[in-house]
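Reader: I have the model open and want to go through the packing. Can we start with the terms?

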Amino acid sequence: MKSLFLALLLLALPAFASAEALRSEADTLALSRKMMDVAMAHPPGAAFAVLKPYWPMDPAEIDGMTSNASLQWQVIEARYGKPQSYELIKTERIGQSFVRYVYLQKFEKHALRWRVSFYRPRDTWMTNNFAFDDQLESLYGEN
């Protein structure tokens, strides 16, 4: 009986996994936009949570990054004010295996650069990297 249950569970796993799969580059763009929508209303930890199901990193490591980002956010809002809007400013590709989206998040007094990268080792995409900072000077050379 246990082996039958295990066999059924193993057969069902691909169906559960596909619900969380990013099948196309368009899916990665949609996920990155969802991340930015969340970042407009919540601290960056919530944006990490949007990416987490698609990130093969250890969940505890992601949670640690979330904690650090939440601490930084208090300083960011005190210094820059409340978020106002965001815009996608660049899409970069490395072959057909990597794509990175660069966003500008505008605040009352300054802006942040957000970068999220995705990697496709085979048929599906996964989160590869995520960062935000206020290093806007580098954007002049990137455009």
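Author: Buried means under 20% relative accessible area, exposed over 50% and partly exposed in between, with a 1.4 Å probe and protein chains only. Helices (H or I, at least four residues) and strands (E, at least two) are DSSP runs numbered from the N terminus. This is a predicted model, where local features need pLDDT of at least 70, side-chain atom pairs count only at pLDDT 80 or more, and totals for chains, interfaces and linings use all residues. Residues are numbered from 1 along each chain as its sequence is written, and side-chain values use heavy atoms, leaving out hydrogens and water.

Reader: Fine. Why is helix H3 largely enclosed by the rest of the structure?

Author: H3 covers residues 44-51, and six of its eight residues are buried, so the rest of the structure largely encloses it. The buried ones are Pro44, Gly45, Ala47, Phe48, Val50 and Leu51.

Reader: What do the buried residues of H3 pack against?

Author: They pack against helix H2 (25-41), helix H4 (59-80), S3 and S4. Contact here means heavy atoms within 4.5 Å.

Reader: At what angle do the axes of H3 and H4 cross?

Author: At roughly 155°, and the axes come within 7 Å. Axes are lines fitted to C-alpha atoms, for helices over the stretch in contact, and angles run from 0 to 180 degrees between N-to-C directions. That makes H3 roughly antiparallel to H4, a label for angles over 145 degrees. Pro44, Gly45 and Phe48 of H3 make the contact with Ile62, Met65, Thr66, Ala69, Ser70 and Trp73 of H4.

Reader: Switching to rings. How many aromatic pairs are there?

Author: Rings of Phe, Tyr and Trp (its six-membered ring) pair if their centres lie within 6.5 Å; planes under 30 degrees apart count as stacked, over 60 as edge-to-face and the rest as tilted. By this rule there are eleven aromatic pairs. One of them, tryptophan 114 with phenylalanine 132, is stacked, at 5.0 Å centre to centre and 25° between the planes.

Reader: Where do those two sit in the chain?

Author: Tryptophan 114 is in strand S3 (residues 111-119) and phenylalanine 132 in strand S4 (residues 126-133), 18 residues apart. Both are buried. They also belong to a cluster linked by ring pairs, with Phe48, Trp55, Trp73, Tyr80, Phe107 and Phe130.

Reader: And threonine 127, buried or exposed?

Author: Buried, with a relative accessible area of 1%. Threonine 127 lies in strand S4. Leaving aside neighbours within four places in sequence, its contacts are Leu51, Tyr54, Trp55, Pro56, Ser117 and Phe118.

Methods: Angles under 35 degrees count as roughly parallel, over 145 as roughly antiparallel, 65 to 115 as roughly perpendicular and the rest as oblique.
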